[in-house]
Amino acid sequence: MELNGGAGPSDLEARARQLGAALDALIPALHARRDLLRQIGMNLPPGTSSGFEIIREEMAFLLDRLRAGAAELARYRALAETATQLAASLDVQQVLDEAMDSVIALTGAERGYILLRDEDSGEMVFSVARNLERETLDESGFMVSRTIVEQVIATGQPVVTTNAQDDPRFATQQSVMFFALRSILCVPLVARGTMVGVVYADNRVKDALFGQDELALLVAFADQAAVAIENARLFERLQRALAEASEMSELMDNVLASIASGVITTDVNAIITLCNSAAESILDVPRGEVLNRPLRIALPVLYGQLQPALAAIFEKGETEVIEAELPLPGRDPASLVLKLTPLRNEQRPPAETEGVAIVLDDLSEIKQRDATLAMVRRYLPPAMVDQIQNLDGLGLGGARRVISVVFVETLPFEAMPLGLPPDALLERLNLYLTAAAEAIHARQGLVDKFIGSEVMGLFNTQLNPDDEHAWKALQAAITMRDELEALSARLGQPQMRCCRIGVHTGVATLGNVGNATRRDFTAIGDMINLAKRLQEHAAYGQVIISDDTYQLCREHIASHDCEMHVTERATIQVRGRRQPVAVYEVVCTR
């Protein structure tokens, strides 16, 4: 029978069986022929019969070897397929489960488990345990020979025992005796020259289940499994790192988006690497148009201001602060404060400047507000200006509170000299209004409005709270009368009693009136009308106060060093009120 040299193991085994069967049939026939030849005095050549017997034994041995080789080849093919499947997965738990199932299937073990070295502590920790039914086992119920496992960890050499009960190396170990452990295989998991774990398999029923062939197979598989496990763990670490980097990037984006200051960063070549939303808004340039572009091209106006400082930063590594007025498209020149800070890599000694962080603060609105406040200070007392920011907090609408009001007519228009041109008339009127306003401001009052030659002053509003508001209002009225009379004398009209003043204290509603774009702070209510009526009932040169104001000021009046005198006048009837109003004239002689 001729054997084809290109035949596979299964074909060789089939042909070996055919040849063995042919020999089995030939040998009895040969014996029969030998007996016939002996009857006629002849014999077969010496050794013919025994030679065929030897050939038959060799064929039986060859058939066994072929069968064993085929089985081993099948296992290695299965090993290769399993290794390929393991390499295709990057999920750590899936790789561990499949690796353990493959170990059990390849070796015929009853169960097995894998220890992996913890990346932080360096200790071998339980990772997975599986059984023949591909079920996951709990660590607490998986009892193994720790002695064998620890020996493999310590030496890095695999261990195989066909019957641990009779093996002198392990027979005396408590776990082996107590759990009746028999066939045991344990090999290290080595990846890239480093032991990353241990794989253990056993069978508590069968003896001699594992031999050198199973050990060699498991060692070969362990090498592949270790690489697959490390690849999966590496991928998992990369995923965690990417997630952390993404989370950090998102956090940084949120932080940068929440910063009111503009932030721009560049690399060592002045290429823009970051531009937050505030910088977009301040410079009125979309970040997509500036990112990854040279600063001198993307933002030439800004670069012109920064160029000398940038050169100094890269040369000396020092922080620079620049104030600049930048002409920006679509808006008025921006007043910016630019802080340039070198970016260094401290992990590369010596630390070198690898870029620049530019922080932009737009002070345009602040400077405009300061200019506005400077103008407002000409009309309001400083203490009130310090609280001017509270105006917006009031919103539209108002709040009721007790205040004191001073109404003054600084002089009647008919008292003006005849023949004055309009500009001179207005100039003289402003002199009287200014004197009245300064008297109000001197007592921390608020000038609410100018009405022709009249002035209305408020005390104890939300902008100028004062517990002594009634007394401050009365003092302002007395000072006002004296200053206006002195002004008249300086202007050549000493005989004219130029002003009449009314002061009242009561509850009014104070707040903003208007709309979202234009507002006025004012006070409204019946007490405002009463203060106006008091002023209208006063004679020129008189200061008239209500009983409400007098009751709050009487103790101050009694102790005042200017010899202030109060005289009760006839009650007056005020439109809108049924009861007459008690009034007092206040005179201060020095």
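Visitor: At roughly what angle do the axes of α14 and helix α16 cross, and within what distance do they come?

Guide: In this predicted model, the axes of α14 and helix α16 (residues 547-559) come within 8 Å and cross at roughly 80°.

Visitor: What makes α14 roughly perpendicular to α16?

Guide: Angles from 65 to 115 degrees count as roughly perpendicular, and the crossing angle is roughly 80°, so α14 is called roughly perpendicular to α16. The contact itself is made by Ala470, Trp471 and Leu474 on the side of α14, and by Thr549, Leu552, Cys553, His556 and Ile557 on the side of α16.

Visitor: How do the residues of the contact of α14 with α16 divide by class?

Guide: There are six nonpolar and two polar residues in this contact of α14 with α16, and no charged ones.

Visitor: What is the strand order of the open sheet of five strands, and what makes β7 and β8 its edges?

Guide: The five strands of the open sheet follow the order β7-β6-β10-β9-β8, with antiparallel pairing. Each of β7 (272-275) and β8 (320-326) has a single partner strand, which means that one side of each is left without a neighbour in the sheet, and both therefore stand at the edges. From one strand to the next, the twist averages 20°.

Visitor: Which helix packs on the sheet, and which strands does that helix touch?

Guide: Helix α9 (residues 300-316) packs on the sheet and touches β6 (262-267), β8, β9 and β10, while its direction makes about 170° with that of β8.

Visitor: How do you know that β9 and β10 pair, and that β6 and β10 pair?

Guide: Two strands are taken as paired if there are at least two bridges between them. Strand β9 (residues 334-344) and strand β10 (residues 353-362) are joined in the antiparallel sense over nine bridges, and β6 is joined to β10, again antiparallel, by six bridges, so both pairs meet the requirement of at least two. As one example, Leu336 stands opposite Asp362 in β10. Ala357 in β10 stands opposite Thr265, and Ala357 is also the bridge partner of Thr341.

Visitor: Why is Ala279 called buried?

Guide: Ala279 is found in helix α7. Buried means under 20% relative accessible area, and Ala279 has a relative accessibility of 1%, so this residue counts as buried. Apart from neighbours within four places in sequence, Ala279 is in contact with Gly262, Val263, Ile264 and Asp284. Ala279 and Leu360 lie 81 residues apart in sequence, yet their C-alpha atoms are 7.0 Å apart in space.

Visitor: And what makes Arg192 and Asn292 exposed?

Guide: The cut-off for exposed is a relative accessible area over 50%. Arg192 has 60% relative accessibility and therefore counts as exposed, and Asn292, with a relative accessible area of 64%, is exposed because its value also lies over the cut-off. Arg192 sits in the loop between β4 (183-191) and β5 (194-203), whereas Asn292 sits in the loop between α7 (277-283) and α8 (295-298). Phi is near 55° for Arg192, a positive value in a residue other than glycine, and near 65° for Asn292, likewise a positive value in a residue other than glycine.

Visitor: How many helices and strands are in the chain, and what percentage of its residues is buried?

Guide: The chain has 16 helices and 18 strands, and buried residues make up 42% of its 590 residues. Of the contacts between residues at least 6 apart in sequence, 60% join residues at least 24 apart.

Definitions and conventions
Residues numbered from 1 in each chain as written. Predicted model: local features only at pLDDT ≥ 70, side-chain atom pairs only at ≥ 80, totals over all residues. Heavy atoms only, no water. Helix = DSSP H or I, 4+ residues; strand = E, 2+ residues; numbered from the N terminus. Axes fitted to C-alpha atoms, helices over the stretch in contact; angles between N-to-C directions. Contact = heavy atoms within 4.5 Å. Buried < 20%, exposed > 50% of the residue type's maximum accessible area, 1.4 Å probe, protein only. Parallel < 35°, antiparallel > 145°, perpendicular 65-115°, else oblique. Nonpolar A, V, L, I, M, F, W, Y, C, P; charged D, E, K, R; others polar.
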